[in-house]
Amino acid sequence: MITTQLVLPNDTNQLGNLLGGTLMHWIDIVAAISAQRHSGRVCVTASVDELNFHCPIKLGEIVTLQASINRAFTTSMEVGVIVTATGAQGHPPRRANNAYLTFVALDADGHPVPVPPIIPETEDEKRRYDKALERRQLRLRHRRPK
Ligand SMILES: CC(C)(COP(=O)(O)OP(=O)(O)OC[C@H]1O[C@@H](n2cnc3c(N)ncnc32)[C@H](O)[C@@H]1OP(=O)(O)O)[C@@H](O)C(=O)NCCC(=O)NCCS
């Protein structure tokens, strides 16, 4: 799933750079739509892994957010989002961010519900599928005990 956004004055700080919080909001939304499309359920964000801002995104640039379901577990899914920014002068797009989010599908009563599996096909999908399991093990180790 791909969405694009135009960075407008209200999205920027005093330096004319895209606000981190605005970008996080866009990332969360594109990832949520991906998770909801895959599961056919309402999904909530359970966690967001480390989020790095590699380079500033400037006023007037076009931001492309590409989300994919890296792996489905039982009721949760890891969604990867790649963010690229393109200037107005036809410069090539540059990678500005990437993020991994975990979404949980809920039933009508708000309880976690199983989601369909992901079957990776390409080499890239298989790599992301394998890495998603490693990341899940790490993030669940840091999960607050109930
Ligand atoms: C996410 C939430 C539904 C999990 O509920 P829970 O009672 O912990 O449920 P469970 O222990 O049965 O876990 C359900 C799934 O969530 C996953 N999960 C729970 N906490 C997690 C975390 N911090 N990071 C990653 N995955 C997590 C579990 O691994 C499990 O996945 P699996 O079924 O694929 O193995 C619950 O914590 C919640 O509602 N949190 C608030 C969500 C929210 O408001 N988000 C912001 C707005 S969308």
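**Ligand shell and pockets**

The shell around the ligand is made up of 7 nonpolar, 6 polar and 4 charged residues (Ala, Val, Leu, Ile, Met, Phe, Trp, Tyr, Cys and Pro count as nonpolar, Asp, Glu, Lys and Arg as charged, and the others, Gly among them, as polar). The model is predicted, and local features need pLDDT of at least 70, side-chain atom pairs count only at pLDDT 80 or more, and totals for chains, interfaces and linings use all residues. Residues are numbered from 1 along each chain as its sequence is written, and side-chain values use heavy atoms, with hydrogens and water left out.

In total, 17 residues surround the ligand, where a residue is near a molecule if one of its heavy atoms lies within 4 Å of it. The closest are T74, T75, S76, R143 and K146. Polar contacts (pairs of N or O atoms within 3.5 Å) involve several side chains. In S76, a side-chain N or O atom is 2.7 Å from an oxygen atom of the ligand. For R136, the distance from a side-chain N or O atom to a ligand oxygen atom is 2.9 Å. A nitrogen atom of the ligand lies 3.3 Å from a polar side-chain atom of S47. On its own the ligand has 930 Å² of accessible area, of which the protein covers 60% (Shrake-Rupley method, 1.4 Å probe).

The elements giving two or more residues to this shell are β2 (42–48), β6 (94–106) and α2 (123–141); helices (H or I, at least four residues) and strands (E, at least two) are DSSP runs, numbered from the N terminus. The largest share, 4 residues, comes from β2.

The ligand takes up the space of the largest pocket. A pocket is an open set of points on a 1 Å grid over the protein atoms alone, where a 1.4 Å probe fits, with protein on both sides within 12 Å along at least five of seven lines; lining residues have an atom within 4 Å of a point. The largest pocket holds about 380 Å³ of space, a volume being the space filled by probe spheres set on the points. Its lining includes A46, F73, T102 and L140, and α2 gives the most to this lining, with 3 residues. The lining divides into 3 nonpolar, 5 polar and 4 charged residues.

The second largest pocket has a volume of about 280 Å³. Of its 17 lining residues, S68, N70, I82, Y100 and R128 are the closest to its centre. Here α2 gives the most to the lining, with 5 residues.

Definitions and conventions. Polar contact = N/O pair within 3.5 Å; in protein donor to acceptor, adjacent residues only side chain to side chain. Sits in = over half its atoms within 2 Å of the grid points.
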